Amino acid sequence: MTGTDASSAISNLPPRVAAVIVAAGRGVRAGGPVPKQYQEIAGKPVLARAVEQFRAHPAVDSIVVVISPEDSALAEAVLPGDVARVFGGASRDASVRAGLAALPDGIGHVLIHDGARPLVPAEVIDRVLSALRTSDGAAPALAVTDALWRGERGNVGAPTPRDNLYRAQTPQGFDLAAIRAAHAAHPGGAADDVEVALAAGLDVAIVEGHEDNLKVTLPGCFARAERILSEGKQMDVRLGNGYDVHRFGPGDHVMLCGVAVPHGRGLQGHSDADVGMHAITDAIYGALAEGDIGRHFPPSDPQWKGAASEIFLRHAAGLCAARGYAIANVDCTLVCERPKIGPHAGAMRAALSAILGTGTDRISVKATTSERLGFTGREEGIAALATATLVSQCVADR
Ligand code: MG
């Protein structure tokens with residue numbers, strides 16, 4: 001290291017760290033309409049997650065992402081505006097060289113990371129940086145624990161000793177000047193930067209990798225990454241109830257849970273008076289602690305006069321989805337002597353299912369009389385009770 005008086009104070013500071021995230025490959029084995037690094041894991045693209053892990057790390061000063069010119073538009077949509085991007089070359093080493101060349105002045109250590117590893121834990125980055133204090137290079141790896149065989153035409157051939165064998169991961173960290181020189185001297189075709197460093201005679205320390213630091217390679221890797229993200233996350237469950245009453249008046253049918261049921265009288269109300277749908281809507285608002293129908297659709301507002309109650313239910317379901325909840329089930333009880341509900345219950349469940357986007361097996365509509373007691377017993381009106389259960393879609397942001 002440098003030893004002049006002028007620089008000795010500076011050299012005691014930790015070297016500035018940059019990350020080069022290599023994402024110029026095509027990733028064809030993973031399938032899908034766009035390269036794997038632009039496909040989503042739990043709603044966020046693989047590359048965006050990889051970049052986020054380094055942006056969130058306090059030791060990383062700057063980041064350069066190496067992309068393919070073909071993916072410019074995709075990268076624009078996925079990468080934060082303050083992250084530098086540079087076009088890669090035809091091979092992995094050419095892409096790394098482009099990334100190294102694009103780093104700002106004053107960087108001492110570089111972490112070269114595969115853009116298809118979206119979940120690298122901060123502790124792995126820590127271990128690589130820590131080892132760089134005493135080594136030209138450092139890379140995370142996991143010791144091979146499974147038995148190894150060499151295959152021969154689909155059969156097991158020779159068993160292979162696994163002693164001292166490791167599965168290599170990234171980020172691979174290096175002294176910047178040393179890895180630049182190593183790349184400049186390398187003929188090309190290296191599998192990773194450790195191979196380039198070794199060819200130049202650099203020491204590369206092995207640090208402990210992490211099972212979560214998977215490389216998205218095959219279609220099944222997306223589901224595995226989602227499972228890792230959801231580990232330890234508790235599902236959030238919310239319950240709401242709703243109750244509504246509408247009075248009978250003149251008419252030849254009643255609207256109940258989205259179905260026009262022939263009857264000698266109608267239900268009165270500002271909207272179409274669908275008492276069942278109102279109770280369900282209020283149950284969903286209730287579960288979200290979002291008030292009731294009257295708050296979202298004031299009866300004083302003439303635009304809701306005679307409105308189809310479907311509008312209210314769709315609004316509640318939309319709020320539910322926007323807040324990250326799915327409707328696990330709905331149960332509605334209609335209280336009336338007449339009309340008979342049973343013959344129409346299937347159509348009501350189907351109508352509610354279509355509006356809520358929830359399977360009919362999760363929607364219940366049932367009825368009871370009140371034994372001729374009270375206002376429902378005297379057939380002055382119909383009452384409805386409803387319960388709704390909402391669950392958070394279980395993969396939370398990490
Ligand atoms: Mg009502």
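Mentor: Gladly; we start at the metal site and then move on to other places in the model. Please keep in mind that this is a predicted model.

The magnesium ion is held by three residues: Asp244 through OD, His246 through NE2 and His278 through ND1, at 2.1 to 2.3 Å. Written along the chain, these donors have the spacing D-x1-H-x31-H. Aspartate 244 belongs to strand 13 (residues 237-249), while histidine 278 belongs to helix 9 (residues 275-287). The two are 34 residues apart, so that pair links distant parts of the chain.

Let us turn to open space next. The second largest pocket has a volume of about 560 Å³. Its lining is made up of 27 residues, and those nearest the centre are Gly25, Lys36, Arg92, Asp114 and Lys215. Strand 1 (16-23) gives at least two residues to this lining, and helix 4 (92-101) likewise gives at least two. Sorted by class, the lining of the second largest pocket holds eleven polar, eight nonpolar and eight charged residues.

Now for a pair of helices. Helix 11 (residues 310-322) and helix 12 (residues 345-356) have axes that come within 9 Å and cross at roughly 50 degrees. Angles from 65 to 115 degrees would count as roughly perpendicular and those under 35 as roughly parallel, so helix 11 and helix 12 are described as oblique to each other. On the helix 11 side, the contact is made by Glu310, Leu313, Arg314 and Ala317. Helix 12 brings Leu352, Ala354, Ile355 and Leu356. Of the residues in this contact, six are nonpolar and two are charged, with no polar ones.

Finally, look at some details of the backbone. Most peptide bonds are trans, and most residues other than glycine have a negative phi. Against that background, a cis peptide bond joins threonine 170 to proline 171, with omega about 10 degrees. You can find proline 171 in the loop between strand 10 (166-168) and strand 11 (172-175). Another cis peptide bond, with omega about 0 degrees, joins arginine 338 and proline 339. Proline 339 sits in the loop between strand 17 (325-335) and helix 12, the helix that makes contact with helix 11. Alanine 42 is not a glycine, yet has a positive phi, near 50 degrees. Look for alanine 42 in the loop between strand 2 (40-41) and strand 3 (44-45).

Conventions: Residues are numbered from 1 along each chain as its sequence is written. This is a predicted model: local features need pLDDT of at least 70, side-chain atom pairs count only at pLDDT 80 or more; totals for chains, interfaces and linings use all residues. Side-chain values use heavy atoms; hydrogens and water are left out. On a 1 Å grid over the protein atoms alone, a cavity is a set of points where a 1.4 Å probe fits but cannot get out, and a pocket is an open set with protein on both sides within 12 Å along at least five of seven lines; lining residues have an atom within 4 Å of a point. Grid points are joined across faces, edges and corners, and a volume is the space filled by probe spheres set on the points. Helices (H or I, at least four residues) and strands (E, at least two) are DSSP runs, numbered from the N terminus. Ala, Val, Leu, Ile, Met, Phe, Trp, Tyr, Cys and Pro count as nonpolar, Asp, Glu, Lys and Arg as charged, and the others, Gly among them, as polar. Axes are lines fitted to C-alpha atoms, for helices over the stretch in contact, and angles run from 0 to 180 degrees between N-to-C directions. Angles under 35 degrees count as roughly parallel, over 145 as roughly antiparallel, 65 to 115 as roughly perpendicular and the rest as oblique. Contact means heavy atoms within 4.5 Å. Donors are N, O and S atoms within 2.8 Å of the metal (3.2 Å for Na, K and Ca); water is not among the atoms, so sites may look incomplete.
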